[in-house]
Amino acid sequence: NTDTITSNLHGGGHATTFRPFLKQNYPEELLSTITDQIKRISTLVPKLIEENHGPLLELGLDIGIDRQGSVWLLEVNSKPG
């Protein structure tokens, strides 16, 4: 389906740069909110996980942004890849 976006490269997705992607897909007034939410998630989630499970050294955070600009934490993986 060409109307969907996938982040999984093995599922047919392709890599793109963050800011141009946001500018192309979201209104200007949402860009800083989206960016701030992603920064907050990527700062807080690893700290919370490591406080409860010990140091994991490397985490993969799967983050999605819906069409309305809401940011969602989809999944966290230790030793991503």
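Helices (H or I, at least four residues) and strands (E, at least two) are DSSP runs, numbered from the N terminus. The axes of H1 (residues 18-25) and H2 come within 10 Å and cross at roughly 135°. Axes here are lines fitted to C-alpha atoms, for helices over the stretch in contact, and angles run from 0 to 180 degrees between N-to-C directions. H1 and H2 are therefore oblique to each other; angles under 35 degrees count as roughly parallel, over 145 as roughly antiparallel, 65 to 115 as roughly perpendicular and the rest as oblique.

Next, select the residues of this contact: Phe-18, Arg-19, Leu-22 and Lys-23 on H1, with Leu-31, Ile-34, Thr-35 and Ile-38 on H2. Contact means heavy atoms within 4.5 Å.

A word on the source: this is a predicted model, in which local features need pLDDT of at least 70, side-chain atom pairs count only at pLDDT 80 or more, and totals for chains, interfaces and linings use all residues. Residues are numbered from 1 along each chain as its sequence is written, and side-chain values use heavy atoms, with hydrogens and water left out.

Now select Leu-22, Tyr-26, Leu-31, Ile-34, Ile-38, Ile-41, Val-45 and Val-71, the 8 residues of the largest nonpolar core. Such a core is a set of buried Ala, Val, Leu, Ile, Met, Phe, Trp, Tyr and Cys residues joined through side-chain atoms within 4.5 Å. H2 gives the largest share of this core, 5 residues.

Stay on Ile-41: leaving aside neighbours within four places in sequence, Ile-41 is in contact with Pro-46, Leu-61, Ile-63, Val-71 and Leu-73.

Move to Gln-37, also in H2 (residues 28-53).

Finish at Leu-57, in the loop between H2 and strand S1 (59-65). Leu-57 has a positive phi of about 70° although it is not a glycine. Leu-57 is exposed, with a relative accessible area of 84%.

Definitions and conventions: Buried means under 20% relative accessible area, exposed over 50%, partly exposed in between (1.4 Å probe, protein chains only).
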